[in-house]
Amino acid sequence: MAFSGRIESVNREQASVRDWLATPLGRRCLANEQRLIRHALERVFGEQFLQIGSWGERLSFLRYARTQRRALVDWRPGTDADLITDPEQLSIASDSVDAVLLPHSLEQTASPHALLREVDRVLRADGHLILLCF
């Protein structure tokens, strides 16, 4: 029973974000963030780009990645993610990712510090971390 209550809570949170992003302010915010991410990713190349956390439509930010592969990872069921995994224990090999994007993920996860530790673990030494936060 506790698990189904948590899923309902996550679904309400996702609906709330979607509703806000549909407002004029939300659309303007997302458009500005997309412009910033497009600019930030212009010089980021490599093999693997990882977006951890959903924000807007699936390709809102993934489409700007210039890496050979790109993936959306989330911890919430019901998202359009390539991989659902615990943000405190990402199911991703260490030192394997060239760039990580956290679009408001630190604000949405229960343990932002644990997520940052995992990002540090999976990110290559010369990798890029891009954060979007309020």
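## A buried strand

Seven of the seven residues of strand β4 (residues 97–103) are buried, so β4 is largely enclosed by the rest of the structure. Buried means under 20% relative accessible area, exposed means over 50%, and partly exposed lies in between (1.4 Å probe, protein chains only). Strands here are DSSP runs of E with at least two residues, helices are runs of H or I with at least four, and both are numbered from the N terminus.

This is a predicted model: local features need pLDDT of at least 70, side-chain atom pairs count only at pLDDT 80 or more, and totals for chains, interfaces and linings use all residues. Residues are numbered from 1 along each chain as its sequence is written, and side-chain values use heavy atoms, with hydrogens and water left out.

## The sheet

Where does β4 sit in the sheet? Five strands form an open sheet in the order β3-β2-β1-β4-β5, and the pairing is parallel. Two strands pair if DSSP finds at least two bridges between them. β3 and β5 stand at the edges, each with a single partner strand, so one side of each is left without a neighbour in the sheet.

Take β4 and its partners. Three bridges join strand β1 (residues 48–52) to β4, and these two run parallel. L50 has V100 in β4 as its bridge partner. On to strand β5 (residues 123–132): β4 and β5 pair in the parallel sense over six bridges. Here L101 stands opposite I130 in β5.

Now the strands beyond β1. β1 and β2 pair in the parallel sense over five bridges. Q48 stands opposite R69 in β2, and I52 stands opposite V73 in β2. β2 and β3 pair in the parallel sense over two bridges. In β3, I84 is the bridge partner of D74.

How many aromatic pairs does a search of the whole structure find? The search finds three. Rings of Phe, Tyr and Trp (its six-membered ring) pair if their centres lie within 6.5 Å; planes under 30 degrees apart count as stacked, over 60 as edge-to-face and the rest as tilted.

The rings of W20 and W55 have their centres 6.4 Å apart and their planes at 45 degrees, so the pair is tilted. W20 lies in helix α1 and W55 in the loop between β1 and α3 (59–62), so this pair ties together parts that are 35 residues apart in sequence. W55 is buried, with a relative accessible area of 6%. W20 counts as partly exposed, at 29% relative accessibility.

W20 also pairs with F134. Their ring centres are 5.9 Å apart and their planes are at 90 degrees, so the pair is edge-to-face. It links distant parts of the chain: W20 in helix α1 and F134 in the segment after β5, 114 residues apart. F134 is exposed, with a relative accessible area of 64%.

## A charge over a ring

The charged end of R76 sits over the ring of W75, 4.5 Å from its centre. A charge sits over a ring if NZ of Lys or CZ of Arg is within 6 Å of the ring centre and within 35 degrees of the ring normal.

## The largest pocket

The largest pocket has a volume of about 380 Å³. Of the 19 residues that line this pocket, the closest to its centre are R18, S54, W55, G56 and E57. Which helix gives the most to the lining of the largest pocket? Helix α1 (residues 2–21) does, with five residues. By class, the lining has six nonpolar, seven polar and six charged residues.

Some terms need spelling out. On a 1 Å grid over the protein atoms alone, a pocket is an open set of points where a 1.4 Å probe fits, with protein on both sides within 12 Å along at least five of seven lines; lining residues have an atom within 4 Å of a point. Grid points are joined across faces, edges and corners, and a volume is the space filled by probe spheres set on the points. Ala, Val, Leu, Ile, Met, Phe, Trp, Tyr, Cys and Pro count as nonpolar, Asp, Glu, Lys and Arg as charged, and the others, Gly among them, as polar.

## Two more residues

D82 lies in the loop between β2 (69–74) and β3 (83–84). At 45% relative accessibility, D82 is partly exposed. P24 is found in helix α2 (residues 24–40). P24 is exposed, with a relative accessible area of 55%.
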